[in-house]
Amino acid sequence: MPATTATAPGKIILFGEHAVVYGQPALAVPVPAVRARAVVSPAPDLPRGEIRITAPAVALENAPWHGLPPDHPLAKAIALTLEAVNATPPPALRLRLSSTIPVAAGLGSGAAVTVALARALSAFLGHPLDNASVNVIAYEVEKIHHGTPSGIDNTVITYAQPVYFVRGQPLRTLTVRRPFTVVIADSGIPAPTAEAVSDVRRAAQAEPERFQALFAAVGRVVEAAYQAITHGTPEALGPLMDENHALLQQMGVSCPTLDRLVATAREAGAEGAKLSGGGRGGNIIALAPANAPEAAQAIARALESAGAARTIIARIG
Ligand code: MEV
């Protein structure tokens with residue numbers, strides 16, 4: 001059996017994070033500039049059923065998968081994939097995982113590793129899983145990372161296409177009529193997504209009316225952004241990003257560092273900016289002016305000078 005490789009991209013949420021957990025729509029896009037990779041190869045030196053994992057990002061070197069706790073994301077991803085393709089016990093194999101997606105940066109590194117793993121492992125075993133099955137596995141593993149995920153991260157990463165996502169509804173891809181450019185800047189603060197999601201839940205339980213109004217307002221911003229993207233008027237997205245950021249601040253998921261980076265991006269010429277993902281750390285995104293391609297570089301440089309750990313210039317569409 002030859003080695004089998006699969007990859008999956010990172011992601012960013014353009015609009016609608018947090019409110020999406022409560023049934024509002026959200027827009028997300030893949031970030032192919034960063035990727036997770038899984039390589040599965042035969043291990044004729046090992047007994048049947050043995051899987052050895054090498055994953056430098058989580059300090060695993062030739063580690064037996066049976067030695068991992070069952071709720072370890074990699075152990076769960078392997079178990080669900082083997083079950084989906086009816087391959088228990090599997091032939092002996094080695095699994096090597098690597099990724100250029102920064103960990104805990106809100107770019108979907110965990111979901112991308114699961115998607116790459118499920119694809120490579122199922123293909124190696126002769127039953128390549130379709131996107132719908134891979135997405136189910138990635139959602140189950142996301143629950144370990146985030147408790148009550150909406151499913152947007154695993155969906156955009158599995159399908160590797162811009163999505164208009166509503167929790168529990170069939171996938172709708174998003175047609176980008178006119179491309180636009182966003183600058184992604186990592187605050188360098190690990191994104192505590194599970195904590196931010198559960199804090200929003202607690203706050204929403206304490207003040208249901210205020211939070212329902214905030215979620216509904218985010219939903220309106222998302223609908224307006226959807227119109228702008230699908231009708232080819234991306235310049236309308238800047239003020240919508242600003243509005244979405246203000247709503248996220250009111251939900252309590254921004255922080256001084258993210259607010260500072262958002263302000264820096266605007267001062268450097270961005271047409272709008274917002275935090276992206278769970279907040280309290282992770283990334284901001286900023287919309288570069290459409291008529292000045294070099295502006296994205298200037299915004300990225302300004303964000304790095306203001307302390308961003310790294311920036312990515314992403315062309316959407
Ligand atoms: C995290 O990337 C996005 C959140 O909306 C959580 C989720 O949708 O599961 C904060």
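Student: How many residue pairs are in polar contact between domain 1 and domain 2?
Tutor: Ten residue pairs, both at pLDDT 80 or more. A polar contact is a pair of N or O atoms within 3.5 Å; within protein, one must be able to donate a hydrogen and the other to accept it, and residues adjacent in sequence count only if both atoms are side-chain atoms. Bear in mind that this is a predicted model: local features need pLDDT of at least 70, side-chain atom pairs count only at pLDDT 80 or more, and totals for chains, interfaces and linings use all residues. Residues are numbered from 1 along each chain as its sequence is written, and side-chain values use heavy atoms, with hydrogens and water left out.
Student: How much area do domain 1 and domain 2 bury between them?
Tutor: About 2700 Å², with 71% of it on carbon and sulfur atoms. Buried area here is the accessible area (1.4 Å probe) that two parts lose on being put together, summed over both. On the domain 1 side, F15, H18 and Y22 supply 27% of the area buried against domain 2, more than any other three residues.
Student: Which residues form a salt bridge?
Tutor: K274 pairs with E17, and their closest N and O atoms are 2.9 Å apart. The rule (a side-chain nitrogen of Lys or Arg within 4 Å of a carboxyl oxygen of Asp or Glu) finds one salt bridge across the interface of the two domains.
Student: OK, on to the core. Which residues touch the most other members of the largest nonpolar core?
Tutor: F15, L27 and I53, out of 110 residues. A nonpolar core is a set of buried Ala, Val, Leu, Ile, Met, Phe, Trp, Tyr and Cys residues joined through side-chain atoms within 4.5 Å.
Student: Last one: is D153 buried or exposed?
Tutor: D153 is buried, at a relative accessible area of 15%. Buried means under 20%, exposed over 50%, partly exposed in between (1.4 Å probe, protein chains only).
Student: What is D153 in contact with?
Tutor: Leaving aside neighbours within four places in sequence, D153 is in contact (heavy atoms within 4.5 Å) with K11, I13, E142 and H146.
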